[in-house]
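This report looks at one chain, at the face it presents to a partner chain, and at one residue of that partner. Please keep the sequence and the coordinates at hand while reading.

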Amino acid sequence: MLRPEITQTQSEDEALLLAPLTRTSRGFMLLVGLLATVALVGIFAYIRQLSRGLGVSGMNRPVYWGVYIVNFVFFIGLAHSGTFISAILRLVGAGWRTPLARAAEAITVFSVPFGAGSILIDLGRIDRMFNVFFYGRYASALLWDVTSVSLYLLSSIVFFYFALLPDLAHARDQLTEVPQWQHEMYRILALGWRDHPEQYRRLEKVLDGMAVFMTLLVVTVHTVVAFVFSMTLQPVWHTAVLGPFFLVGAVFSGSGAVVIAMAILRRVFRLENILTWKHFDYMRQLLIALSLTWMYFMITEHLTIFYGREIPEMQVFFQRFTGAYAPLFWAMLALCFLVPFPILLTVGKRSIGWMVVAGLMINVGMWLERYIVVLPTLTRPHLLNELAIGTYTPTWTELSITAASFAGLILLYALFTRFFPIVPIWERSEEVEAYLHEEEGE
Amino acid sequence: METISAVFTTPGIGGIIATVVLTGAAAVYVGLIRWVLQGGREEQPPYERMGWPFE
């Protein structure tokens, strides 16, 4: 059994990681209250939409997709941070990912439901979601989406839960002073984990295997999300570049979100010795690489459209560059690349604060980028491009539901950090690591 | 060829495919969790595995 060795060498770090699970600060209560209020306003707006119909949204003919679909693409993209940092970096053996893996995975687990939920909100009548299963044809990219996003949600939760299991048992055994219900929760969720070396060995095997599967899934999911657009014959959407472009954008925004989460957790829980400058610097380098890749796709996409000079495509192109959507397009470009990229190269080298600023900009910019993908095409669709110009302005209902989705995501994240260790304790244990290496014959 | 085409175009078959994929994955995950949790149990004598009845 490994428990005695672990407890003998239990470091101050470990106590620091378990401390938030035992107390509730006034600031935390205030935050929860504030986020819950925003979420309640959104729930009210949704109930109103449910009773009055989608007419309360800004969607109309031919603009049949609006902010809800923007949120869907954004939240699914945000989710890719966890899988990228946890699964892909695990596969390439990047040991530095360990302390930030769970913080990133939690973003995945809590943002996918809001992504999938956005689709259900967009449906109007939620009972119609079952029609996809009863009458869906697999020729429809929408059904590919249902399959891949559901599988991604399920797999992300399982992957997250696997890595949490030993720490749940640790909380069950160490935190005897917490309220009875909380202790009971740890006991049930730990599923009788006994800290047996063989369990750790098997757990590592499963996590390694799942990392391969999750990597395949993460690429598939966002490509399939892009297919919902690119499989249509609408101007600017119908391009093979959209899949990889969506994927890069997803990991880009997700990594920006991880930097923000890391900085907040480091500050609030005083994790300076655990989430060190080194981790931020690795993330900075990752963001620089992703910024350049994202910009490469942005230029490729628009240069190809410009050289094609097809009338419907050019109408959308000019909508973006000089037309109704130009302010949003240029703001998006500034927020995604023109401002954060120099920040990451210069002041971000020395300041976590500046990195957070860059991360925030990237996320606002990426939400705008999704908006720019969805709306200009729908206001100038193929069949109508000579006959009519669509318009779309989001209503307060859509904005409230959007705000509530973001508040809900942050609320779930905050509650998670209150009851569960946000940095993996067992993966930091030298005894467990030594045992696993010994098993591998290293 | 027509059979393949029918799989993709017949209403309802898509739902069945999605359901099979999801329930299949769920079954695999439950199996994996059980396998991980059972690690080391083989070394225990049967009375420990089943629980000592006189305690």
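## Contacts across the interface

Between chain B and chain A the count of salt bridges is zero. The model is a predicted one, and among pairs with both residues at pLDDT 80 or more, seven residue pairs are found in polar contact across the interface of chain B and chain A.

## Extent of the interface

In general, the size of an interface is often expressed as the accessible area that is lost when the parts come together. For chain B and chain A, the area buried between them is about 2400 Å², and 71% of it lies on carbon and sulfur atoms. Within chain B, the residues that lose the most area to chain A are Y29(B), V36(B) and L37(B), which together account for 26% of what that side buries.

## Chain B by itself

What does the secondary structure of chain B consist of? Chain B has three helices and zero strands, and its elements, read from the N terminus on, follow the order α-α-α.

Chain B has 55 residues, of which 24% count as buried. Its accessible surface amounts to about 3900 Å², and carbon and sulfur atoms make up 68% of that surface.

## A histidine in chain A

Turning to chain A, H302(A) sits in helix α11, which spans residues 277-308 of that chain. Is H302(A) buried or exposed? Because its relative accessibility is 7%, and the cut-off for buried is under 20%, H302(A) counts as buried.

Which residues surround H302(A), once its neighbours within four places in sequence are left aside? H302(A) is then in contact with F317(A), R320(A), F321(A) and F329(A).

Key
Residues numbered from 1 in each chain as written. Chains lettered and ligands numbered in written order. Predicted model: local features only at pLDDT ≥ 70, side-chain atom pairs only at ≥ 80, totals over all residues. Heavy atoms only, no water. Helix = DSSP H or I, 4+ residues; strand = E, 2+ residues; numbered from the N terminus. Buried < 20%, exposed > 50% of the residue type's maximum accessible area, 1.4 Å probe, protein only. Areas by Shrake-Rupley, 256 points an atom, 1.4 Å probe, with all protein chains shown as cover. Buried area = accessible area lost by both parts, 1.4 Å probe. Salt bridge = Lys/Arg side-chain N within 4 Å of Asp/Glu carboxyl O. Polar contact = N/O pair within 3.5 Å; in protein donor to acceptor, adjacent residues only side chain to side chain. Contact = heavy atoms within 4.5 Å.
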